[in-house]
Amino acid sequence: MKRSLEERLKDGTVIAGEGYLFELERRGYLQAGSFVPEVALNNPEALKQAYRDYMNAGSDVVLAFTYNAHREKMRIIGKEDLLEPLNRNAIRLAKEVAKEHPIEEALVAGNISNTNLFDPEDAESKQQVRNMFAEMTSWCKEEGVDFINGETFYYHEEALIALEEILKQGLPAVITLGLMGENILRDGYTVDESCKILSEKGALVVGMNCFRGPDTMQPYLADIRKAVNGYVGGLPIPYRTSEENPTFFNLPDGGCSCHLPLETTFPTALDPLYHNRYELAAWAKEAKEIGINYIGLCCGASPAMLRAVAEAVGVEAVNSKYSPDMEKHFLFGKDKTLKEHNLNYRLKA
C-alpha cells in the first residue's frame, strides 16, 4: 500500500526530485526564455522519461511538470486554450510513471508556482493570482494527486494565497520560497517568518527551493528549522552561488571566452558553474543533520546529482546499482588483474 507524504515524513527523509525545467531544455524539448512546459503535450514520452529518470534516481515524488503552466504564462505565448489539457496531461503522465516504481508506488504531486503577475500594491493582480491557483488546484484534485507543491514564491502573500487554494481542495501542501539577492522576500518578510506563518496556517512542509545553491541556502534553512515546528524542505540549485552572488541570476563566469548573448550567465551559460555530485551529497548530509525532512534539488539538477543526494541521506535509489565504482577502472581501479603500467600512469594521464 502506498504511504502518504505525511507517513513517509514520519518514517524518515523524503527525497523530491525537481529540475525538469533546465533538464528538458538541455535535452531539447523546451524553449529557454518562455520556459513553458509544452512538452507535456508535444513530447509526452520525453516528459515521462524525465519523470522516470528522477524517480529511479531516488525521488519519492513524481512532480507533475506544470511549473509556469498557469494562465498568465499561457496567455503570453498565445496558447491559453492549451492550459487545461497541458495541466491534466502532465499529471496523468506523472501517475503512469509513479506506478512503475518497483518497490513502492511513488507519490504524485500537483504543482503551482510563482506567477510573476503578483503585485502587493495591486488588489486586482491578487485576485487574478487566486483565480489561477484555484483552477490549477481544482484540476489537481480531479486528477487525483497525492499532494500539491507550491513553489518558488518570492512574495509571502502569494505563497499564502497558494496555500489557501490548496487547502480548499482538501490536499496536503508543500510550500517553498525562492529567496532573491536582497536576502528577504519582496514584501518584507524574512523566509523564516514566512515559513512559520505558512506552517501554522496548515502547510505540511515549508521551506526553500531554487535561486540559491547549497552554500547560500543552508543558513536560511537553519533559521527556518529553528522557527518552525513542522516539516521543513530544502531544494537548492546545483550551482556555486556565493555571499557576493547569492543567486544564479547574476553568477559571473570569469573563464568564459565568448561574448554571451545576455548580460548574465543565467539561464543558458551556467554550465561551468556547477557543484559536483560530492559537494551536493555533503550538503544533503548536513541538511539532514540539522533536521531538514524534505530534501531535493531544483533547476539544473541531473538525475545523477539527485542520486548522490539520496544516497547521502541513506536512501538506496532504484538506480543505485549504477552509482560510481572505480574498482575496475584501468587507471584508478583496485582490481588485481589490472595492468600496473596503467595504474602507475594515473596521475600523468
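In this predicted model, helix 7 (residues 123-143) and helix 8 (residues 156-168) cross at roughly 35 degrees, and their axes come within 9 Å. The crossing in which helix 7 passes helix 8 is right-handed. On the side of helix 7, the residues that meet helix 8 are Lys126, Val129, Arg130, Phe133, Ala134 and Thr137. Helix 8 answers with Glu157, Glu158, Ile161, Ala162, Glu164, Glu165, Ile166 and Lys168. Sorted by class, this contact of helix 7 with helix 8 holds seven charged, six nonpolar and one polar residues.

Helix 10 (residues 214-227) and helix 11 (residues 277-289) have axes 11 Å apart and pack at an angle of about 0 degrees. Angles under 35 degrees count as roughly parallel, and helix 10 and helix 11 are therefore roughly parallel to each other. Helix 10 brings Pro214, Gln218 and Leu221 to the contact, while helix 11 brings Leu280, Trp283, Glu286 and Ala287. Five residues in the contact of helix 10 with helix 11 are nonpolar, one is polar and one is charged.

The next topic is empty space. Rolling a probe the size of a water molecule over the atoms shows where such space is left. The structure holds one cavity of 30 Å³ or more. The largest cavity contains about 120 Å³ of space. It is lined by 16 residues, and Glu18, Gly19, Leu21, Tyr67 and Glu151 are the closest to its centre. Helix 2 (20-27) and strand 4 (147-153) are the elements that give two or more residues to this lining. In the lining of the largest cavity, nine residues are nonpolar, five are polar and two are charged.

There are also pockets to consider. The largest pocket has about 320 Å³ of space. Among the 18 residues that line the largest pocket, Arg3, Arg8, Asp60, Glu104 and Val315 lie nearest its centre. The lining of the largest pocket divides into seven nonpolar, six charged and five polar residues.

The second largest pocket has a volume of about 280 Å³. Its lining is made of 19 residues, and those closest to its centre are Phe35, Tyr67, Asn68, Phe249 and Phe266. By class, the second largest pocket is lined by 13 nonpolar, five polar and one charged residues.

Key: Residues numbered from 1 in each chain as written. Predicted model: local features only at pLDDT ≥ 70, side-chain atom pairs only at ≥ 80, totals over all residues. Heavy atoms only, no water. Axes fitted to C-alpha atoms, helices over the stretch in contact; angles between N-to-C directions. Helix = DSSP H or I, 4+ residues; strand = E, 2+ residues; numbered from the N terminus. Parallel < 35°, antiparallel > 145°, perpendicular 65-115°, else oblique. Contact = heavy atoms within 4.5 Å. Nonpolar A, V, L, I, M, F, W, Y, C, P; charged D, E, K, R; others polar. Left-handed = near helix turned anticlockwise from the far one by under 90°. 1 Å grid on protein atoms, 1.4 Å probe; cavity = no way out; pocket = protein on both sides within 12 Å on 5 of 7 lines; lining within 4 Å. Points joined across faces, edges and corners; volume = space filled by probe spheres on them.
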